[in-house]
Amino acid sequence: MKKINGIYVIIDPEFINSEDPVEMTKKVLNGGAKVIQLRNKKDSVLNTIKWGKEISKLCDEYDAVSIINDRVDIACITDADGVHLGQEDIYPDLVKEITTKDLIIGTSNATISEVEESEGNESSYIAIGSIFPTTTKTDTRPAGLKLLIDAKKICDKPIVAIGGINQRNIKSTIEAGVDSVCIATAITLSKDPEKATKSLSKYFNI
């Protein structure tokens, strides 16, 4: 199974300057992104499948991890490496009831009790946030750097920090001991997404 580490980029059609999601993925992979999550809340399922298949192929070429947001079925159809599940989505332990594929399973967490739950269930990595205020989601719950530090003490699974992370605060986030940092607009809405990814990737010794 591929590792979750380094820069993790969310490709969301709403936040990529009207660019094609596959083309944006190429740019950030060229910049050194290690994980790509396709998150499509507004567009059609058909488009999610089309983009997902192409993104999965690209990630294989770059030895990166491809993740589909929310949908286990689409993760399987697109041959993605994994699926990311929120607190309101299917429970991680039930994924095996849907597919025999050995999917990477990520979970969203904002409290220490949720982190403890994720550490004990079938999830593969634990995403914690929102670490800082973010504009890409309206339903986020504040988590903060302290939760990252506390989670690191009890977790053996990879920890991904998410929410409002950018050039100004990535260093303090990584110093909390996380394995990966998830970024959206600081990369995808920048003038040069490839350059922005390269700049942020330098904080990881990968």
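Ser180 lies in strand E8 (residues 180-183); helices (H or I, at least four residues) and strands (E, at least two) are DSSP runs, numbered from the N terminus. The model is a predicted one, in which local features need pLDDT of at least 70 and side-chain atom pairs count only at pLDDT 80 or more, while totals for chains, interfaces and linings use all residues. Residues are numbered from 1 along each chain as its sequence is written, and side-chain values use heavy atoms, with hydrogens and water left out.

Is Ser180 buried or exposed? Ser180 is buried, because its relative accessible area is 0%; buried means under 20% relative accessible area, exposed over 50%, and partly exposed in between, with a 1.4 Å probe and protein chains only. Leaving aside residues up to four places away in sequence, Ser180 touches Ile4, Asn5, Gly6, Tyr8, Ile159, Val160, Ala161 and Phe204, where contact means heavy atoms within 4.5 Å.

I turn now to the barrel. It is closed by 8 strands in the order E1-E2-E3-E4-E5-E6-E7-E8, and the pairing is parallel. Two strands pair if DSSP finds at least two bridges between them. From one strand to the next, the twist averages 25°.

Strand E1 (residues 6-11) pairs with E2 in the parallel sense over 4 bridges, and Gln37 in E2 is the bridge partner of Ile10. Within strand E2 (residues 35-38), Val35 and Gln37 point one way, Ile36 and Leu38 point the other way, and all are buried. In a regular strand, the side chains alternate between the two faces of the sheet.

Further along, strand E4 (residues 82-85) and E5 pair in the parallel sense over 4 bridges, with Leu85 opposite Thr107 in E5. E5 is mostly covered, as 5 of its 6 residues are buried. E5 and E6 run parallel and are joined by 4 bridges; the bridge partner of Asn109 is Ile128 in E6. Ile128 also stands opposite Ala161 in E7, and strand E6 (residues 125-128) pairs with strand E7 (residues 159-162) in the parallel sense over 3 bridges.

Helix H5 (residues 112-120) lies across strand E5 (104-109) and E6, and runs at about 165° to E5. Axes here are lines fitted to C-alpha atoms, for helices over the stretch in contact, and angles run from 0 to 180 degrees between N-to-C directions.

On a 1 Å grid over the protein atoms alone, a cavity is a set of points where a 1.4 Å probe fits but cannot get out, and a pocket is an open set with protein on both sides within 12 Å along at least five of seven lines; lining residues have an atom within 4 Å of a point. Grid points are joined across faces, edges and corners, and a volume is the space filled by probe spheres set on the points. The largest cavity holds about 40 Å³. Its lining includes Ile36, Gln37 and Leu38, and the elements giving two or more residues are E2, helix H2 (45-61) and strand E3 (65-69).

The second largest pocket has a volume of about 170 Å³. It is lined by 13 residues, of which Lys96, Lys101, Asp102, Leu103 and Ile105 are the closest to its centre.
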